[in-house]
Amino acid sequence: MSADPVIPLLGLTRSELGARVESWGFKPLHAGKIWRHLYLEGRTDWETITGLPIKLVDRLQADTEVGWLPITRETHSTDGFTRKYLLGLRDNHQIETVLMRYSGRVTACVSSQVGCAMGCVFCATGQMGYTRHLTTAEIVAQALHVDRILRATATEDPALAETDHESPHHRHERLRNIVLMGMGEPLHNYDAVIKATEILREPGGLALGAKKITLSTVGVVPGIIRLADEQQPIYLAVSLHSATQEGRAALVPVAKKWPLDVLMEACGYYAEKMGRRIFFEWTLIEGENDRPEDAHAVGRLLQRVPGQVNLIPLNPTNGYGGAASDNAAAKRFQSILAEYGLPSTVRQRRGIDIAAGCGQLATLED
Ligand code: SF4
């Protein structure tokens, strides 16, 4: 037996797993079998893999752990579209992961940190404060958790088992999208998050398309520039919330460190280097940032950066007294953005009754 620390398998890329298996004296082809068993079958009973040497099975059992995150609590929205999971970590901290069903697709909203250091005033996670970064394995485990839930649901419901015929391994409703919009600021935990997105995209595993993964930042400028310099293919969403430095700093304290003009310069750099638009998130707060002059200010601000604005009516939290804008205000905002040629959407509100909506995730208050 090795004295090395236990290896979390979900933190390894496919090639790292291959190198590890080879370093133990086994053929790299065995790594492919392990990878498929884990990511396509969702299983860890290594001894059932045909042709896997028993000594390799012993090694896996002794020196590795998968790192599934146990469910501490599960809540379902009354409309049936959203499920929120409170998941336990090794050090007894907890995080939240949300499964959201939209027509024809399932999205996992994944956390990147325990708590968050950014302190956005309307956000329950920000109100918790920061505890620690998640590891790559803990981020990947959340996505696999949702995929396994879908697999289990298909087992309960034979009709669902026939929804996907692309692969004999995928005869269940599949996880199609990941949004890194759960607890935490993903660009504050850059290395672990980006490695997780690489693992989630690996062919022969969950094999998510890069365009099916969206990372949402509140405006961590060095991270935005790094994404562009490294040509990371995932999509980028930037939470804007106000088109003035003063207004933004009041809602998003990090704007004091990276002011609006610096952020927009970074967004322009990103859009040009990546040759693509950015999603700009705008939490609509009644009387605060949903007035016609606010919409005109956004229209002017985004003239030089190709973007799409996602309008999200505020979701309630205990620590912030603002109210959500109504439909009429959202529509008015959209039509003004259209005058500037800016495409926009109003985000479907999901999971509000179980505090699983944007900005509502926290492990202390509910
Ligand atoms: S909105 Fe995002 S960045 Fe801001 S405090 Fe909440 S989790 Fe952190």
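Colleague: Which residues of α8 meet which residues of α10?

Modeller: On the α8 side Val-221, Ile-224, Ile-225, Leu-227 and Ala-228 take part, and they meet Val-262, Leu-263, Ala-266, Cys-267, Tyr-269, Tyr-270, Lys-273 and Met-274 in α10; two residues are in contact if their C-beta atoms, placed from the backbone, lie within 7 Å. The helices (H or I, at least four residues) and strands (E, at least two) are DSSP runs, numbered from the N terminus. Please keep in mind that this is a predicted model, in which local features need pLDDT of at least 70 and side-chain atom pairs count only at pLDDT 80 or more, while totals for chains, interfaces and linings use all residues. Residues are numbered from 1 along each chain as its sequence is written.

Colleague: Why are α8 and α10 called roughly parallel to each other?

Modeller: The axes of α8 (residues 221–229) and α10 (residues 260–274) come within 9 Å and cross at roughly 10 degrees. These axes are lines fitted to C-alpha atoms, for helices over the stretch in contact, and the angles run from 0 to 180 degrees between N-to-C directions. Angles under 35 degrees count as roughly parallel, over 145 as roughly antiparallel, 65 to 115 as roughly perpendicular and the rest as oblique, and α8 and α10 are therefore roughly parallel to each other.

Colleague: What makes His-241 buried or exposed?

Modeller: A residue is buried if 20 or more other C-beta atoms lie within 10 Å of its own, exposed if 12 or fewer, and partly exposed in between, with the C-beta atoms placed from the backbone. His-241 has 27 other C-beta atoms within 10 Å, so it is buried, and its place is in the loop between β11 and α9 (245–251). His-241 also has a positive phi of about 70 degrees although it is not a glycine, and in general most residues other than glycine have a negative phi.

Colleague: And how do you know whether Asn-92 counts as buried or exposed?

Modeller: Asn-92 has 6 C-beta neighbours inside 10 Å and therefore counts as exposed.

Colleague: Why does Arg-148 count as partly exposed?

Modeller: Arg-148, which is found in helix α5, has 16 C-beta neighbours inside 10 Å, and this count therefore makes it partly exposed. The C-alpha atoms of Arg-148 and Tyr-39 are separated by 9.6 Å, although these residues are 109 residues apart along the chain.

Colleague: How many residues does the largest nonpolar core have, and which have the most contacts inside it?

Modeller: A nonpolar core is a set of buried Ala, Val, Leu, Ile, Met, Phe, Trp, Tyr and Cys residues joined through C-beta atoms within 7 Å. The largest one has 95 residues, and those with the most contacts inside it are Ala-108, Val-140, Ala-143, Ile-178, Leu-200, Leu-284 and Phe-333. Its largest share, nine residues, comes from helix α5 (residues 136–156). Leaving aside neighbours within four places in sequence, Ala-143 is in contact with Ala-108, Val-110, Leu-175, Ile-178, Leu-200 and Leu-206.

Colleague: What makes β3 and β14 the edge strands?

Modeller: Two strands pair if DSSP finds at least two bridges between them. Ten strands form an open sheet with mixed pairing, in the order β3-β4-β5-β6-β9-β10-β11-β12-β13-β14, and β3 (71–76) and β14 (344–346) are its edge strands, each pairing on one side only.

Colleague: How do you know that β3 and β4 pair, and in which sense do they do so?

Modeller: β3 and β4 (residues 82–88) are joined over five bridges in the antiparallel sense, and at least two bridges are what the definition asks for, so they pair. Ile-71 has Leu-87 in β4 as its bridge partner. In the hairpin of β3 and β4, with five residues between the strands, Gly-80 takes a positive phi near 80 degrees.

Colleague: In which sense do β6 and β9 pair, and over how many bridges?

Modeller: β6 and β9 (residues 177–180) pair in the parallel sense over three bridges, and the bridge partner of Ala-108 in β9 is Ile-178. Strand β11 (residues 235–239) likewise runs parallel to β12 (residues 278–284), with three bridges joining them, and Val-238 has Phe-280 in β12 as its bridge partner.
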